Amino acid sequence: MLEVRGLTRRFGGLVAVNGASLDVSAGEIVSLIGPNGAGKTTLFALISGFLRPDAGSVAFEGRSTLGARPHELAARGLVRTFQIVQPFPTLSVRENIATGAHRAIAPRREALEKADAVGRSLGMGALLDRRAGDLPIAARKRLEIARAVATDPRLLLLDEVLAGLNPAEIDEVTPMILAIREAGITILMIEHVMQAVMRLSDRAYVLNSGAIIANGAPRAVAEDPAVIEAYLGPGMAARLKARPHA
Amino acid sequence: MSGDGWRIAGWALALAAAVAAPFVIASGRWLDFIELTLFVAVLAQAWNILGGYGGQYSFGHAMFFGVGAYVQALLQFRLGVSPWAAMPLAIGAGAAVGAVVGYLSFRYGLRGSYFALITLAFAEALRVLARSLVSVTEGGRGVSLALNQDPDAVWSTLQFTFAEPFLRHAGSYYFILIVLVVAYGLVWRMERRRFGAQLIAVRENEDAAEALGVNAFRVKMKAICLSGMIAAAAGVYYVQKYLFVDPEIAFGPSKSVEALVAPIIGGLGTLAGPLLGAFFLHGAGEAAKALVGAVAEPRPGLDLILYGLILVLVLGFAPRGIAGLWAALMAPLRRRAG
């Protein structure tokens, strides 16, 4: 469904994404993990049309996405959320979600009805009339997801929707993500919360210094020495192995 | 009654009062005051579409007004075109100027103060152009339309000066009222459609709107063209009423300032805001003129100083304008009622 090949993006002398390749097949939940500053969000911005790559290619459902604006990709079914949530602050939750629903639905009334339905199905029924700017952070994260789901995407890019949430809130959002997959939406997500990566994803890619250094089943990836060293520093894999109970 | 029901009732009442006003108000001076206020309310609503709903603050809305006025005046003056035939062309010219300025600004991602400066520059450029293209525009002397003195040609010339008494009293008043009803009707409709929702989404957060499939460029282009059309229609009215336009009137800063101060004071991004703001400003302006006139010689520019003062106070104490203040006052009542 999504094929990323040799994607590279430089900011001045810094290579933020360096020849990254990855694949996502329909129906999967794929995680993209990596230490801070690895280039995960930049990679998302490149895939979703917010940034242009210096080299490499991205194909969504067999067609290149290069040069397409974000709204054109949204129309093709590729929609992203933002790590730093971006609600429409003075609008109600319902109106926020309806903006997403308008992607496919022109009449206002139907878009608002769809917003109600999406909001309810994702457990936000009680919040529909609240001003988005007044919501606590966990609810804003959920709104960010609901708004994207309302566009009827085929591939959803979730950028750290669990970051900053407490364990109880994480337990609220994880079923949301599974419900979205059940609805037939493929998911590529950036995530730091390893417990969620293990529980949710079919496969995981690890990005470090802009390059993919590992991929595979989440468990195998987490035990990969290259991954451990990327997070904890050189030599740490061997030291952890020497002291298995540490 | 639902929220919309109350609003419709309120607007219907206001419209009935506006239609009845010329029958009730015999004084030409008072009717003129209301007429001028409605004219500002039209300009203000034009600005509000782009600035209030779309978040793109223009400092040069006079350019749309001025282009509408000049096209309406010059087509009659140079080519002898009927005012009725000139009207759609003048309004279309407003949309065309909107398209040009919008394309140049939005295609290159100019937002905020950059957009404000671009619009200011365009209005100034048009003012200089109108002043220097003497062979077309008559330069700084301005364009004067011939006054029609034939009572039978009132409708064909769209001039009411020599019409029968009631039409003389109220003809141009109804003209601007019709323009206002059409303009406000368009905005009412816009608020209830996808275009309006997407325009507001772009104002609130352009990147997020793009990510959700909103073509921000197209939405802003539509808004600036609609805004330009309505401001140009106000220019058409102005020319038919005063039969005169010059570069200062058309493109000078005073129209641009009025167009933006009224909606900010009345309530940005609300249907009623521009109208409330126009009445408030003009009421205050007239009152100040009367007060000062009573004790000293009239001072031109006094109303502008007053506008500035009111603007500072409103921004300081009621940032959502009169409409926002009203909503805040009504909220506890409504809660009690509900």
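Is Arg111(B) buried, partly exposed or exposed? At 41% relative accessibility, Arg111(B) counts as partly exposed. The legends below describe close-up views of a predicted model.

**View 1. A salt bridge joins Glu206(B) and Arg111(B).** The side chains of these two residues meet at 3.3 Å, N to O. Glu206(B) belongs to helix α10 (residues 206–211) of chain B, while Arg111(B) sits in the loop between α4 (83–107) and α5 (112–132), so the pair ties together parts that are 95 residues apart in sequence. Glu206(B) has a relative accessible area of 14% and is therefore buried, because buried means under 20%.

**View 2. Asp159(A) and Arg80(A) form a salt bridge.** The N to O distance is 3.8 Å. Asp159(A) is part of strand β7 (residues 155–159) of chain A and Arg80(A) is part of strand β6 (residues 78–80), so this contact links parts that are 79 residues apart in sequence. Asp159(A) is buried, at 0% relative accessibility. Arg80(A) is also buried, at 7%.

**View 3. Strand β9 of chain A pairs with β3(A) and with β10(A).** Strand β3 (residues 29–33) runs parallel to β9(A), and 4 bridges join them. Ser31(A) has Ala204(A) as its bridge partner in β9(A). Strand β10 (residues 211–216) pairs with β9(A) in the antiparallel sense, over 5 bridges. Here Tyr205(A) stands opposite Asn215(A). The hairpin of β9(A) and β10(A) has 2 residues between the strands, and Ser209(A) in this hairpin takes a positive phi near 45°. Of the 6 residues of β9(A) (residues 203–208), 5 are buried, so the strand is largely enclosed by the rest of the structure.

View 4. Arg193(B) is found in the loop between α8 (165–191) and α9 (194–204). With 41% relative accessibility, Arg193(B) counts as partly exposed.

**View 5. Glu191(B) and Arg192(B) form a salt bridge.** Their closest N and O atoms are 3.1 Å apart. Glu191(B) is partly exposed, with a relative accessible area of 22%. Arg192(B) is partly exposed as well, at 25%.

**View 6. A nonpolar patch lies on the surface of chain B.** Tyr57(B), Phe59(B), Leu117(B), Leu120(B) and Leu268(B) together have about 420 Å² of accessible area. Phe59(B) is placed in the loop between α2 (28–53) and α3 (62–79). Its relative accessibility is 40%, so Phe59(B) counts as partly exposed.

Notes: Residues numbered from 1 in each chain as written. Chains lettered and ligands numbered in written order. Predicted model: local features only at pLDDT ≥ 70, side-chain atom pairs only at ≥ 80, totals over all residues. Heavy atoms only, no water. Buried < 20%, exposed > 50% of the residue type's maximum accessible area, 1.4 Å probe, protein only. Patch = residues over 30% accessible without salt bridge, like charges linked within 9 Å, V, L, I, M, F, W, Y side chains within 5 Å. Areas by Shrake-Rupley, 256 points an atom, 1.4 Å probe, with all protein chains shown as cover. Salt bridge = Lys/Arg side-chain N within 4 Å of Asp/Glu carboxyl O. Pairing = 2+ DSSP bridges.
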